[in-house]
Amino acid sequence: MKSTYLLSALVLGLSAVQAATYTGGNINVPDGESAAYDNTDLIFTGSQVYVGEDASLSTNYIMLQKDGQSITNHGSFYATSIAIGDDNSNSSMTNYGVLIDADASPYDGEYGLLHITGINGQVTNYGSIQGISTITHGILYAMNDSVYGGIDVYGSGTLNVNGNITINGDLYLNDEDSVVVFSEDSCVALNGGTLSLSGNIVLTVDYEVNDSMTITKDTFFVNYDNQWSDFSDETVITIKGLNSETTRTVAQLAAVPEPTTATLSLLALVGLVYRRRR
């Protein structure tokens, strides 16, 4: 199993020693403008960092460690490390643009770009994270069409998949309390990456469930490296409904049914009537 989390902690500690530290208030980069804090750690006293449309912000290391602090990015955000949360703080980040790993070393991306470390830390990503995301505690909400360079989930961390997402790397679910939660019809495409699952997989549905009912599914993971991955028909999925929950293996989840002959005939008849009316 990878030791990314331990290596990340080491790198964050070294970063704080080597770089200058900015402890000012809010940071606002208006649309179309840029701001650079090269070789600087942003451990700020303000409540928010905002990067506008077509704007850019670059820094060494940034950490949100107080309640209510937030980052909102609509542009390009360059950093060697972004840490969200400290202990019980409820800091958060929302990304609509691109987060870019600015580490130019030969081990670029090895230690990760985004680190969700607080129990109540949250990141919601609609855009692209060009680097590894590490979730030790807290939640990463991966929204439809969002993109990642790789995701490692440790401890009590949660990856919440809402739609179809792409990981251009590996997905590691490292501990027994780690969770990947899928909403209905969501999917993770790995583009040949490794899928390693030591934690829990949960499917949430918006109807009542019981042990006897048939649960249909779409594909949870696609395009992963079968040789090195451990996702199979025997992997257990917990289905959480409106009233309770039940478990199935992947093999026990029914495939989405193809249209029946009667349905196809009806569709053909509707099409014929439509053509005649024209």
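Helices (H or I, at least four residues) and strands (E, at least two) are taken as DSSP runs, numbered from the N terminus. By this assignment the chain holds two helices and 27 strands. The model is predicted: local features need pLDDT of at least 70, side-chain atom pairs count only at pLDDT 80 or more, and totals for chains, interfaces and linings use all residues. Residues are numbered from 1 along each chain as its sequence is written, and side-chain values use heavy atoms, with hydrogens and water left out.

Of the 278 residues, 44% are buried (under 20% relative accessible area, with exposed over 50% and partly exposed in between; 1.4 Å probe, protein chains only). The chain exposes about 13600 Å², of which carbon and sulfur atoms supply 48% (Shrake-Rupley method, 1.4 Å probe; for residues, only the protein chains shown count as cover).

Strand β9 spans residues 92-95. Its side chains alternate. Strands pair if DSSP finds at least two bridges between them. β9 pairs in the parallel sense with β6 (residues 70-73) over four bridges. It also pairs in the parallel sense with β12 (residues 122-125) over four bridges. Methionine 93 stands opposite isoleucine 71 of β6 and has valine 123 as its bridge partner in β12.

Strand β19 (residues 179-183) is mostly covered, with four of its five residues buried. β16 (residues 158-162) pairs with β19 in the parallel sense over four bridges. β22 (residues 200-204) pairs with β19 in the parallel sense over five bridges. In β19, phenylalanine 182 stands opposite valine 161. Phenylalanine 182 also stands opposite leucine 203 in β22.
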